[in-house]
Amino acid sequence: MSNSFAKDIDGKAIAACVLEEVAADVRELALHGVTPALAVVLVGSDEASQVYVRNKILRAEQAGIRSLEYRLPNTTGQAELLEVIAELNADPLVNGILVQLPLPASINEGVVIHAIDPIKDVDGFHRHNVGGLVQGQEVLTPCTPSGCMRLLEETCGDISGKHAVVIGRSNIVGKPMATLLLQAHCSVSIVHSRSVDAAALCRLADIVVAAVGRPGLIDASWLKPGAVVIDVGINRIDTPEGSRLVGDVDYASARAVASAITPVPGGVGPMTIAYLLKNTVIATRLQRKSALMEKI
Ligand code: NAP
(Lines give C-alpha, C1' and ligand atoms only; values in the text may rest on other atoms or scores of the structure.)
Protein backbone atom coordinates (compact mmCIF):
# COMPACT_ATOMS: atom_id res chain seq x y z
CA MET A 1 0.00 0.00 0.00
CA SER A 2 1.26 3.46 -0.86
CA ASN A 3 2.10 5.47 2.24
CA SER A 4 3.14 8.72 0.57
CA PHE A 5 0.72 11.39 -0.58
CA ALA A 6 -0.52 11.49 -4.15
CA LYS A 7 1.11 13.78 -6.67
CA ASP A 8 -1.06 16.74 -7.66
CA ILE A 9 -1.94 16.78 -11.36
CA ASP A 10 -1.36 20.41 -12.31
CA GLY A 11 -4.23 21.26 -14.67
CA LYS A 12 -3.20 24.89 -14.87
CA ALA A 13 0.30 24.05 -16.14
CA ILE A 14 -0.94 21.40 -18.60
CA ALA A 15 -3.69 23.77 -19.84
CA ALA A 16 -1.02 26.44 -20.40
CA CYS A 17 0.85 23.98 -22.68
CA VAL A 18 -2.38 23.24 -24.58
CA LEU A 19 -3.00 26.99 -25.01
CA GLU A 20 0.53 27.39 -26.38
CA GLU A 21 -0.21 24.61 -28.90
CA VAL A 22 -3.43 26.42 -29.85
CA ALA A 23 -1.57 29.73 -30.29
CA ALA A 24 0.99 27.98 -32.52
CA ASP A 25 -1.84 26.47 -34.61
CA VAL A 26 -3.45 29.91 -34.90
CA ARG A 27 -0.14 31.36 -36.15
CA GLU A 28 0.10 28.56 -38.71
CA LEU A 29 -3.46 29.26 -39.94
CA ALA A 30 -2.61 32.99 -40.18
CA LEU A 31 0.00 32.05 -42.83
CA HIS A 32 -2.99 30.97 -44.96
CA GLY A 33 -4.88 34.20 -44.20
CA VAL A 34 -7.23 32.50 -41.73
CA THR A 35 -8.08 33.69 -38.20
CA PRO A 36 -10.26 31.21 -36.31
CA ALA A 37 -13.36 32.83 -34.82
CA LEU A 38 -15.46 31.61 -31.92
CA ALA A 39 -19.00 32.89 -31.31
CA VAL A 40 -20.16 32.64 -27.71
CA VAL A 41 -23.89 32.98 -27.08
CA LEU A 42 -25.12 33.70 -23.58
CA VAL A 43 -28.83 33.93 -22.79
CA GLY A 44 -29.84 35.50 -19.48
CA SER A 45 -27.85 36.71 -16.51
CA ASP A 46 -26.80 33.54 -14.66
CA GLU A 47 -23.77 34.62 -12.64
CA ALA A 48 -21.67 31.45 -13.03
CA SER A 49 -22.35 31.44 -16.80
CA GLN A 50 -21.19 35.06 -17.07
CA VAL A 51 -17.89 34.15 -15.37
CA TYR A 52 -17.41 31.11 -17.66
CA VAL A 53 -18.14 33.18 -20.77
CA ARG A 54 -15.78 35.97 -19.70
CA ASN A 55 -12.97 33.43 -19.13
CA LYS A 56 -13.57 31.69 -22.45
CA ILE A 57 -13.44 35.00 -24.34
CA LEU A 58 -10.32 36.16 -22.52
CA ARG A 59 -8.46 32.90 -23.21
CA ALA A 60 -9.59 32.89 -26.84
CA GLU A 61 -8.19 36.37 -27.37
CA GLN A 62 -4.92 35.41 -25.64
CA ALA A 63 -4.55 32.50 -28.07
CA GLY A 64 -5.19 34.79 -31.08
CA ILE A 65 -8.71 33.48 -31.72
CA ARG A 66 -11.26 36.14 -32.69
CA SER A 67 -14.23 36.03 -30.33
CA LEU A 68 -17.75 37.26 -30.98
CA GLU A 69 -20.01 37.69 -28.00
CA TYR A 70 -23.81 37.50 -28.20
CA ARG A 71 -25.46 38.46 -24.92
CA LEU A 72 -29.21 37.95 -25.15
CA PRO A 73 -31.73 38.90 -22.45
CA ASN A 74 -33.50 36.38 -20.23
CA THR A 75 -36.70 37.06 -22.18
CA THR A 76 -35.20 35.70 -25.42
CA GLY A 77 -37.48 33.11 -26.97
CA GLN A 78 -36.38 29.87 -28.60
CA ALA A 79 -37.23 31.07 -32.12
CA GLU A 80 -35.12 34.19 -31.64
CA LEU A 81 -32.16 32.14 -30.38
CA LEU A 82 -32.51 29.74 -33.32
CA GLU A 83 -32.36 32.73 -35.68
CA VAL A 84 -29.05 33.84 -34.14
CA ILE A 85 -27.69 30.32 -34.54
CA ALA A 86 -28.84 30.14 -38.17
CA GLU A 87 -26.98 33.40 -38.90
CA LEU A 88 -23.82 32.10 -37.24
CA ASN A 89 -24.11 28.78 -39.12
CA ALA A 90 -24.30 30.69 -42.40
CA ASP A 91 -21.41 33.06 -41.64
CA PRO A 92 -18.23 31.69 -43.26
CA LEU A 93 -16.11 33.82 -40.92
CA VAL A 94 -17.47 32.05 -37.82
CA ASN A 95 -15.72 28.74 -37.15
CA GLY A 96 -17.04 27.76 -33.73
CA ILE A 97 -20.40 28.29 -32.01
CA LEU A 98 -20.83 27.83 -28.29
CA VAL A 99 -24.18 28.31 -26.59
CA GLN A 100 -23.54 28.61 -22.87
CA LEU A 101 -25.65 26.17 -20.84
CA PRO A 102 -27.92 26.14 -18.90
CA LEU A 103 -30.49 27.98 -21.00
CA PRO A 104 -33.63 29.54 -19.49
CA ALA A 105 -36.29 26.91 -18.77
CA SER A 106 -38.51 28.15 -21.63
CA ILE A 107 -35.89 27.07 -24.21
CA ASN A 108 -35.37 23.44 -25.21
CA GLU A 109 -31.61 22.78 -24.94
CA GLY A 110 -31.74 19.74 -27.22
CA VAL A 111 -33.38 21.73 -30.04
CA VAL A 112 -30.76 24.47 -29.71
CA ILE A 113 -27.79 22.09 -29.60
CA HIS A 114 -29.00 20.26 -32.71
CA ALA A 115 -29.55 23.54 -34.57
CA ILE A 116 -25.80 24.22 -34.50
CA ASP A 117 -23.96 23.12 -37.65
CA PRO A 118 -22.05 20.01 -36.45
CA ILE A 119 -18.85 21.28 -38.08
CA LYS A 120 -19.06 24.41 -35.86
CA ASP A 121 -20.21 22.53 -32.73
CA VAL A 122 -17.11 23.18 -30.59
CA ASP A 123 -18.82 21.72 -27.51
CA GLY A 124 -19.16 18.39 -29.35
CA PHE A 125 -22.74 17.90 -28.13
CA HIS A 126 -24.52 17.54 -31.52
CA ARG A 127 -25.70 13.99 -32.22
CA HIS A 128 -23.58 13.92 -35.39
CA ASN A 129 -20.46 14.45 -33.27
CA VAL A 130 -21.65 12.11 -30.51
CA GLY A 131 -22.23 9.33 -33.06
CA GLY A 132 -18.93 10.05 -34.79
CA LEU A 133 -17.09 9.86 -31.47
CA VAL A 134 -18.58 6.45 -30.72
CA GLN A 135 -17.50 5.24 -34.17
CA GLY A 136 -13.98 6.65 -33.74
CA GLN A 137 -14.31 9.22 -36.53
CA GLU A 138 -12.57 12.60 -36.75
CA VAL A 139 -15.21 14.79 -35.10
CA LEU A 140 -15.47 17.55 -32.49
CA THR A 141 -15.27 15.91 -29.06
CA PRO A 142 -16.67 17.35 -25.78
CA CYS A 143 -14.07 19.60 -24.13
CA THR A 144 -14.06 18.37 -20.52
CA PRO A 145 -13.54 14.67 -21.34
CA SER A 146 -10.88 15.61 -23.94
CA GLY A 147 -9.12 17.67 -21.25
CA CYS A 148 -9.30 14.75 -18.81
CA MET A 149 -7.73 12.44 -21.41
CA ARG A 150 -4.84 14.88 -21.83
CA LEU A 151 -4.34 14.99 -18.04
CA LEU A 152 -4.20 11.18 -18.01
CA GLU A 153 -1.79 11.09 -20.96
CA GLU A 154 0.54 13.58 -19.24
CA THR A 155 0.32 11.74 -15.91
CA CYS A 156 0.32 8.06 -16.89
CA GLY A 157 1.54 7.90 -20.51
CA ASP A 158 -0.02 4.82 -22.12
CA ILE A 159 -3.20 3.78 -20.28
CA SER A 160 -3.94 0.83 -22.55
CA GLY A 161 -5.25 -2.17 -20.56
CA LYS A 162 -6.00 -0.17 -17.39
CA HIS A 163 -9.34 -0.51 -15.66
CA ALA A 164 -11.07 2.88 -15.60
CA VAL A 165 -14.21 3.64 -13.61
CA VAL A 166 -16.22 6.70 -14.63
CA ILE A 167 -18.64 7.88 -11.96
CA GLY A 168 -21.53 9.68 -13.68
CA ARG A 169 -23.19 9.09 -17.05
CA SER A 170 -24.16 12.55 -18.29
CA ASN A 171 -24.07 13.33 -22.01
CA ILE A 172 -21.53 16.10 -21.50
CA VAL A 173 -19.01 14.33 -19.26
CA GLY A 174 -19.62 10.73 -18.16
CA LYS A 175 -20.63 9.08 -21.45
CA PRO A 176 -18.07 10.75 -23.76
CA MET A 177 -15.39 10.21 -21.09
CA ALA A 178 -16.13 6.48 -21.03
CA THR A 179 -16.01 6.40 -24.85
CA LEU A 180 -12.62 8.13 -24.98
CA LEU A 181 -11.20 5.78 -22.34
CA LEU A 182 -12.44 2.82 -24.36
CA GLN A 183 -10.74 4.24 -27.46
CA ALA A 184 -7.54 4.47 -25.41
CA HIS A 185 -7.94 0.70 -24.84
CA CYS A 186 -8.99 0.82 -21.19
CA SER A 187 -11.51 -1.59 -19.71
CA VAL A 188 -14.26 0.80 -18.70
CA SER A 189 -17.00 0.63 -16.07
CA ILE A 190 -19.60 3.36 -15.65
CA VAL A 191 -21.03 3.89 -12.18
CA HIS A 192 -24.22 5.93 -11.62
CA SER A 193 -26.93 6.61 -9.07
CA ARG A 194 -28.51 3.16 -9.55
CA SER A 195 -25.25 1.22 -9.25
CA VAL A 196 -25.23 -1.31 -6.43
CA ASP A 197 -22.20 -0.65 -4.19
CA ALA A 198 -20.56 2.04 -6.31
CA ALA A 199 -17.64 2.21 -3.87
CA ALA A 200 -16.80 -1.50 -4.35
CA LEU A 201 -16.84 -1.09 -8.15
CA CYS A 202 -14.66 1.98 -7.85
CA ARG A 203 -12.11 0.14 -5.69
CA LEU A 204 -11.33 -2.05 -8.72
CA ALA A 205 -10.17 0.94 -10.75
CA ASP A 206 -6.65 1.95 -11.79
CA ILE A 207 -8.17 5.21 -13.04
CA VAL A 208 -11.16 6.96 -11.46
CA VAL A 209 -12.96 9.83 -13.18
CA ALA A 210 -15.57 11.45 -10.93
CA ALA A 211 -18.30 13.53 -12.62
CA VAL A 212 -21.22 13.49 -10.22
CA GLY A 213 -21.86 16.91 -8.70
CA ARG A 214 -21.82 15.70 -5.06
CA PRO A 215 -19.17 17.36 -2.88
CA GLY A 216 -16.70 14.89 -1.40
CA LEU A 217 -18.72 11.77 -2.32
CA ILE A 218 -15.62 9.75 -3.19
CA ASP A 219 -13.22 9.31 -0.30
CA ALA A 220 -10.23 7.04 0.37
CA SER A 221 -12.52 4.06 1.05
CA TRP A 222 -13.59 4.14 -2.67
CA LEU A 223 -10.03 3.91 -3.98
CA LYS A 224 -7.53 1.17 -4.74
CA PRO A 225 -4.06 2.14 -3.47
CA GLY A 226 -2.17 3.86 -6.27
CA ALA A 227 -5.26 4.79 -8.31
CA VAL A 228 -5.08 7.90 -10.49
CA VAL A 229 -8.01 10.21 -9.71
CA ILE A 230 -9.49 12.83 -12.04
CA ASP A 231 -12.06 14.96 -10.24
CA VAL A 232 -14.39 16.72 -12.67
CA GLY A 233 -16.83 17.91 -10.00
CA ILE A 234 -17.20 21.61 -9.27
CA ASN A 235 -19.36 22.22 -6.23
CA ARG A 236 -19.71 25.42 -4.23
CA ILE A 237 -20.02 24.76 -0.50
CA ASP A 238 -20.46 27.07 2.47
CA THR A 239 -17.90 26.89 5.26
CA PRO A 240 -17.47 29.02 8.38
CA GLU A 241 -14.72 30.86 6.43
CA GLY A 242 -17.04 31.59 3.50
CA SER A 243 -18.01 29.71 0.36
CA ARG A 244 -15.46 27.72 -1.65
CA LEU A 245 -15.23 25.29 -4.55
CA VAL A 246 -14.70 21.59 -3.95
CA GLY A 247 -14.76 18.54 -6.16
CA ASP A 248 -16.67 15.27 -5.99
CA VAL A 249 -13.63 13.67 -4.37
CA ASP A 250 -12.70 14.23 -0.73
CA TYR A 251 -9.25 15.48 -1.69
CA ALA A 252 -7.61 15.29 1.78
CA SER A 253 -8.67 11.68 2.32
CA ALA A 254 -8.14 10.49 -1.28
CA ARG A 255 -4.61 11.82 -1.64
CA ALA A 256 -3.43 9.48 1.12
CA VAL A 257 -4.34 6.48 -1.07
CA ALA A 258 -4.17 7.65 -4.71
CA SER A 259 -0.90 7.97 -6.65
CA ALA A 260 -2.02 11.14 -8.47
CA ILE A 261 -5.05 13.40 -8.16
CA THR A 262 -6.43 16.59 -9.69
CA PRO A 263 -7.09 19.40 -7.21
CA VAL A 264 -10.29 21.50 -7.37
CA PRO A 265 -9.88 24.21 -8.45
CA GLY A 266 -6.82 24.00 -10.71
CA GLY A 267 -7.32 20.50 -12.12
CA VAL A 268 -9.89 19.76 -14.82
CA GLY A 269 -11.42 23.29 -14.98
CA PRO A 270 -8.59 25.00 -16.92
CA MET A 271 -8.43 22.04 -19.33
CA THR A 272 -12.05 22.50 -20.39
CA ILE A 273 -11.41 26.02 -21.69
CA ALA A 274 -8.12 24.97 -23.31
CA TYR A 275 -9.88 22.18 -25.21
CA LEU A 276 -12.69 24.51 -26.26
CA LEU A 277 -10.06 26.59 -28.04
CA LYS A 278 -8.35 23.48 -29.43
CA ASN A 279 -11.75 22.46 -30.81
CA THR A 280 -12.13 25.90 -32.41
CA VAL A 281 -8.86 25.30 -34.30
CA ILE A 282 -9.92 21.74 -35.21
CA ALA A 283 -13.29 23.10 -36.45
CA THR A 284 -11.49 25.72 -38.56
CA ARG A 285 -9.30 23.02 -40.14
CA LEU A 286 -12.28 20.70 -40.75
CA GLN A 287 -14.13 23.57 -42.47
CA ARG A 288 -11.11 24.38 -44.66
CA LYS A 289 -10.78 20.71 -45.58
CA SER A 290 -14.46 20.44 -46.46
CA ALA A 291 -14.31 23.67 -48.54
CA LEU A 292 -11.31 22.25 -50.46
CA MET A 293 -13.15 18.95 -51.07
CA GLU A 294 -16.12 20.89 -52.47
CA LYS A 295 -13.80 22.51 -55.03
CA ILE A 296 -12.49 19.14 -56.26
P1 NAP B 1 -25.11 15.56 -14.16
O2 NAP B 1 -25.63 15.73 -15.53
O3 NAP B 1 -25.93 16.01 -13.00
O4 NAP B 1 -24.77 14.00 -13.96
C5 NAP B 1 -24.40 13.51 -12.71
C6 NAP B 1 -24.21 12.01 -12.80
O7 NAP B 1 -23.82 11.54 -11.51
C8 NAP B 1 -25.46 11.25 -13.20
O9 NAP B 1 -25.14 10.32 -14.21
C10 NAP B 1 -25.90 10.56 -11.91
O11 NAP B 1 -26.47 9.28 -12.10
C12 NAP B 1 -24.58 10.38 -11.19
N13 NAP B 1 -24.76 10.26 -9.75
C14 NAP B 1 -25.51 11.06 -8.95
N15 NAP B 1 -25.41 10.63 -7.66
C16 NAP B 1 -24.60 9.56 -7.67
C17 NAP B 1 -24.11 8.68 -6.66
N18 NAP B 1 -24.45 8.84 -5.37
N19 NAP B 1 -23.28 7.68 -7.02
C20 NAP B 1 -22.92 7.50 -8.32
N21 NAP B 1 -23.35 8.32 -9.33
C22 NAP B 1 -24.19 9.32 -9.00
O23 NAP B 1 -23.70 16.26 -13.97
P24 NAP B 1 -22.55 16.64 -15.05
O25 NAP B 1 -23.02 17.70 -15.92
O26 NAP B 1 -21.97 15.40 -15.64
O27 NAP B 1 -21.47 17.29 -14.05
C28 NAP B 1 -20.91 16.55 -12.98
C29 NAP B 1 -20.02 17.47 -12.17
O30 NAP B 1 -18.97 17.93 -12.99
C31 NAP B 1 -20.71 18.73 -11.64
O32 NAP B 1 -20.14 19.06 -10.39
C33 NAP B 1 -20.34 19.79 -12.66
O34 NAP B 1 -20.33 21.09 -12.11
C35 NAP B 1 -18.94 19.35 -13.01
N36 NAP B 1 -18.46 19.79 -14.34
C37 NAP B 1 -17.22 20.33 -14.37
C38 NAP B 1 -16.68 20.70 -15.57
C39 NAP B 1 -15.29 21.25 -15.59
O40 NAP B 1 -14.92 21.94 -16.52
N41 NAP B 1 -14.47 20.94 -14.59
C42 NAP B 1 -17.42 20.56 -16.75
C43 NAP B 1 -18.67 19.97 -16.69
C44 NAP B 1 -19.20 19.57 -15.47
P45 NAP B 1 -27.90 9.08 -12.85
O46 NAP B 1 -27.60 9.21 -14.32
O47 NAP B 1 -28.29 7.70 -12.47
O48 NAP B 1 -28.83 10.13 -12.33
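In this predicted model, the side chain of Gln100 makes a polar contact with the side chain of Lys56, at a distance of 2.8 Å. Gln100 sits in the loop between S4 and H4. With a relative accessible area of 6%, Gln100 is buried, because the limit for that class is under 20%. The loop that holds Gln100 also contains Pro102, placed between strand S4 (96–99) and helix H4 (109–113). The peptide bond that joins Leu101 and Pro102 is cis, with omega at about 0 degrees.

The protein chain is divided into domain 1, residues 32–117, and domain 2, residues 142–270. Taken over C-alpha atoms, the centres of domain 1 and domain 2 are separated by 28 Å.

The sheet comes next. In general, the strands of a sheet pair through backbone hydrogen bonds, in either a parallel or an antiparallel manner. Here, six strands form an open sheet with parallel pairing, and their order is S1-S11-S8-S7-S5-S6. Strand S1 (7–8) and strand S6 (187–191) are the edge strands, each of which pairs on one side only. Within this order, strand S7 (residues 207–210) runs parallel to strand S8 (residues 228–231), and four bridges join them. Val208 has Val229 in S8 as its bridge partner.

His185 is found in the loop between helix H7 (174–183) and S6. Although His185 is not a glycine, its phi is positive, near 70 degrees. Asp197 belongs to the loop between S6 and helix H8 (198–202). Asp197 is likewise a residue other than glycine with a positive phi, in this case about 55 degrees. A relative accessible area of 47% makes Asp197 partly exposed.

An N or O atom in the side chain of Arg169 is 2.8 Å from an oxygen atom of the ligand. The side chain of Arg214 has an N or O atom 3.5 Å from a nitrogen atom of the ligand. With Val232 the backbone is involved, as one of its N or O atoms lies 3.3 Å from a nitrogen atom of the ligand. On its own the ligand has 930 Å² of accessible area, of which the protein covers 71%.

How values were computed. Residues numbered from 1 in each chain as written. Predicted model: local features only at pLDDT ≥ 70, side-chain atom pairs only at ≥ 80, totals over all residues. Heavy atoms only, no water. Domains from an automatic or database assignment. Polar contact = N/O pair within 3.5 Å; in protein donor to acceptor, adjacent residues only side chain to side chain. Areas by Shrake-Rupley, 256 points an atom, 1.4 Å probe, with all protein chains shown as cover. Pairing = 2+ DSSP bridges. Helix = DSSP H or I, 4+ residues; strand = E, 2+ residues; numbered from the N terminus. Buried < 20%, exposed > 50% of the residue type's maximum accessible area, 1.4 Å probe, protein only.
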